[in-house]
Amino acid sequence: KIKESMNEINANRRLKEAASHKAESEKVKRVKAAEGEAEAKYLSGVGVARQRKAIVQGLSSSVSEFERDVEGAAAKDAIDILMLSQ
């Protein structure tokens, strides 16, 4: 009877440890998933920022070309034309 009681105590202890390990595993999975999601959002933001920078550089280049190619034109004239066409 004592042996059965000790076996039961040990079994319950192992079940408790297993439950603790399983909970810790779930915690790690959730943390890693959240970190992955945060990294994906960060990289998406970096991509959007680069895209906007490229658009601004292209616009700047277009305005410079307009000023150079159209005699008497100023940057404001190019911007006004762009605003009308948008």
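Biologist: Are Arg 68 and Asp 69 buried or exposed?

Modeller: Exposed, both Arg 68 and Asp 69. Keep in mind that this is a predicted model. The two side chains also meet in a salt bridge, at 3.5 Å from N to O.

Biologist: How many salt bridges does the structure hold?

Modeller: Five. Among them is the pair Glu 26 and Lys 29, with N to O at 3.8 Å.

Biologist: Where do Glu 26 and Lys 29 sit relative to each other in helix 1?

Modeller: They are three residues apart in helix 1, so about one helical turn separates them.

Biologist: And how exposed are those two?

Modeller: Glu 26 counts as partly exposed because its relative accessibility is 33%. Lys 29 is at 52%, so it counts as exposed; the cut-off for that is over 50%.

Biologist: Which residue does Lys 32 meet in a salt bridge?

Modeller: Glu 35, with 3.6 Å from N to O. Both lie in helix 1, three residues apart, which is about one turn of the helix. Lys 32 has a relative accessible area of 53%, so it is exposed, while Glu 35 is partly exposed at 43%.

Biologist: Switching topic: how many helices and strands are there in the protein?

Modeller: Two helices and zero strands. The radius of gyration is 33 Å, well over the 12 Å that the globule rule gives for 86 residues, so the protein is more spread out than a compact globule.

Biologist: What box do the C-alpha atoms fill?

Modeller: Roughly 105 × 20 × 10 Å, along the principal axes.

Biologist: What share of the residues counts as buried?

Modeller: 3% of the 86 residues. The accessible surface comes to about 7800 Å², and carbon and sulfur atoms account for 58% of that.

Biologist: Which residues form a nonpolar patch on the surface?

Modeller: Ile 2, Met 6 and Ile 9, with about 320 Å² of accessible area together. Ile 2 is found in helix 1, which covers residues 2-69.

Biologist: Why does Ile 2 count as exposed?

Modeller: Because its relative accessibility is 68%, and the exposed class takes anything over 50%.

Biologist: Last one, on charge: how many positive and negative side chains does the protein have?

Modeller: 16 positive and 14 negative. The centres of the two sets lie 17 Å apart.

Terms used. Residues numbered from 1 in each chain as written. Predicted model: local features only at pLDDT ≥ 70, side-chain atom pairs only at ≥ 80, totals over all residues. Heavy atoms only, no water. Patch = residues over 30% accessible without salt bridge, like charges linked within 9 Å, V, L, I, M, F, W, Y side chains within 5 Å. Areas by Shrake-Rupley, 256 points an atom, 1.4 Å probe, with all protein chains shown as cover. Salt bridge = Lys/Arg side-chain N within 4 Å of Asp/Glu carboxyl O. Helix = DSSP H or I, 4+ residues; strand = E, 2+ residues; numbered from the N terminus. Buried < 20%, exposed > 50% of the residue type's maximum accessible area, 1.4 Å probe, protein only. Rg over C-alpha atoms; globule rule 2.2 N^0.38 Å. Lys, Arg positive; Asp, Glu negative; His and termini not counted. Charge placed at Lys NZ, Arg CZ, Asp CG, Glu CD.
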